[in-house]
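Subject: Structure handover

Hello,

Here is the structure I said I would pass on. The notes below it list what came out of the analysis.

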Amino acid sequence: MTQEEASLEARLEEQEQFEPPESFVEQANVSDPGIYDEFEEHWPECWERAADLLSWDTPYETVLEDGDAPFYEWFTGGELNASYNCLDRHVEGGAEDRTAITWEGEPGETRTYTYGELLDEVEAFAATLRDLGVEADDVVTLYMPMIPELPIAMLACARIGAPHSVVFAGFSADALATRMNAADSEYLVTCDGYYRRGDALDHISKANEGLEGVDHEVSDVVVVDRLDDALEHSLASNQHDYAELVDEHEGASVEPVTRDAEDMLFLMYTSGTTGQPKGVKHTTGGYLAYTAWTSQAVLDVKPEDTYWCAADIGWITGHSYIVYGPLALGTTTVMYEGTPDYPEKDRLWEIVETNEVDIFYTAPTAIRAFMKWGKEYPEGHDLSSLRLLGTVGEPINPRAWKWYYQHIGDEECPIVDTWWQTETGGMMITTLPGVNTMKPGSAGPPLPGIDARVVDANGEEVDAGQAGYVTVDRPWPGMLRTLYQNDERFLAEYWQEYSDEDADEWVYFPEDGAKIDDDGYITILGRVDDVINVSGHRLGTMEIESAVVGVEGVAEAAVVGGDHEVKGEAVYVYAIPEDGYDAGDELEERAIQGVVDSIGPIAKPEEVVFTPELPKTRSGKIMRRLLEDIASGNELGNTSTLRNPDVVDDIAEQVEDD
Ligand code: PRX
């Protein structure tokens, strides 16, 4: 390190606040600090600003309908189509030749779709789906990796009013079956495979295995041939080749189906406290308006930009900020199939340089990996096209924030640390990059119009610096409307904790801990339920536990998250072997495989510790906090209230030995 670099590092290390560069503010979509008061004074009409970003077939009558809270309705009476808003209107407005999607395959090939081409492709696939019998309101499951056919299929579904349910391609066959069963989905779009670190991965076998676990008849399966000859596969009688069907429907014209603002656009299954994933329901009007608005205000997206959110479309981040938000604004959105370190650890920077990416949005876990690999990888590329950086998915520690700021943004790009959830549809707490001072480690104030607070267990706002829980005291357009076919669970999961039902006061509880400072900046501390965050991916400990207990030879198990340098949190399993089973490598292997088979490799345990007993309170509850501390290598507090304190030392010793 040169002396100059060393002094820069030292200065950055001490600096706690950063101002957005003047050059950024001058061109920002939102730069007037008055926007917070404006939204406050005109709430809820302020949300018309979001709705105005869309083209409506029928104008809405009411911005917010709260008569049946917390079953709120937004932009009621309004009608629109999401695919029309993401495609046709840009083509009609003269942007036919602008690139909509730039796709980079892992082996190095690229594909681009102009808005005109994407519309043609979406119409051909929409016609295909219709011919297969898909009707409005039929849930179509999309089990696909990062290939262009995924957003094409999403928009084709939206075009004909069929909600999609995207299942992350890294999820297992079991996870696919669970989600298809929960949604009663009779149609599946999948692919033969995809590339990962140079290998052609077989995906179709996993899809077929999942189909065996579906408890109702699946009418049709469409299979995209991504791997050509790299993987031989045969199609069953109800399975069709994507390209053949699309060829047959080339040139088809499919009128976008007019949807009510409150009609379901998609379902997204996410992990919760119980073993059963929650089917989060998002609607057409509110969700699309909210993702378009936040893409514009927070990500500063402009139609002429090349914008890259390096997430996977299988998660909410990709839905909102690779597909719907950016395409609604008519910008160019980048998709990358592979991993950041293949063929070299500079792959992402090469993509930024060659595509002259303006805006880059990723997860802190990726930034921690970049830091570990070293600054020489970004330094080898010209990243001067970048204007704004973003993070999402988990807390970012100030060191990683500063590394991102210095080595990727060259101290010239504001960073937005955006807190939100599958359920919120879009960003909720973050700075506005053209308005606010940035404080590394703190997401920032709630967005204009968002009434997020930090409260204690009684719902009273905490003092600055005190830890509490996040609540959202007023609804917002992008919010989930319910859990699919389960209003009861919707009420119990999100509204029970802090609402006063008798007074008709409804408070949304996201189940995150947080602190607030004197300027109203919120620092997120993490989940307060049994959900853990591994590399920005949300996993339910109960789901993992039931997978481990399902393994022959395991009697009982507790799963917790422990600190991990790159992943943020990692999965730790503490298990009691059944009598007659040896707590050795073989059982450990099987326990790990059980988790991978039931959920997918993302949930793979970092460690399985066998123990004759789990630490329990006198009333028989497993002391998870204690196990978390052991996994994270933290100092252990008082264990005298345990029924079996000795077991703690045994477990801790085993973890240290490993
Ligand atoms: O704990 C919070 C964390 O991710 C959770 C939501 O996970 P999911 O629904 O999968 O959505 C992730 C992408 C939006 C939250 O409850 N989280 C998300 N963003 C942040 C975060 N934690 C801290 N800072 C963030 N910026």
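Contact here means heavy atoms within 4.5 Å. Please also keep in mind that this is a predicted model.

Overall fold. The protein chain contains 21 helices and 30 strands. The C-alpha trace spans about 70 × 65 × 60 Å along its principal axes. A compact globule of 658 residues would have a radius of gyration near 26 Å, and the 24 Å found for the protein chain agrees with that. Of the 658 residues, 61% are buried. When contacts between residues at least 6 apart in sequence are taken, 71% of them join residues at least 24 apart.

Surface and charge. The protein chain has an accessible surface of about 25600 Å², with 40% of that area belonging to carbon and sulfur atoms. As for charged side chains, 41 are positive and 135 are negative. The centres of these two sets lie 4 Å apart.

Helix α17 covers residues 487-494, and its buried residues are R489, F490, E493 and Y494. Viewed down the axis of α17, these buried residues fall within an arc of 105°, so they line one face of the helix. What do the buried residues of α17 pack against? Their partners are two strands, β15 (278-283) and β23 (482-483).

To find this spot in the viewer, select R489, F490, E493 and Y494 of α17, then show β15 and β23, against which the buried residues pack.

Regards

How values were computed:
Residues numbered from 1 in each chain as written. Predicted model: local features only at pLDDT ≥ 70, side-chain atom pairs only at ≥ 80, totals over all residues. Heavy atoms only, no water. Buried < 20%, exposed > 50% of the residue type's maximum accessible area, 1.4 Å probe, protein only. Helix = DSSP H or I, 4+ residues; strand = E, 2+ residues; numbered from the N terminus. Arc of directions from axis to C-beta. Rg over C-alpha atoms; globule rule 2.2 N^0.38 Å. Areas by Shrake-Rupley, 256 points an atom, 1.4 Å probe, with all protein chains shown as cover. Lys, Arg positive; Asp, Glu negative; His and termini not counted. Charge placed at Lys NZ, Arg CZ, Asp CG, Glu CD.
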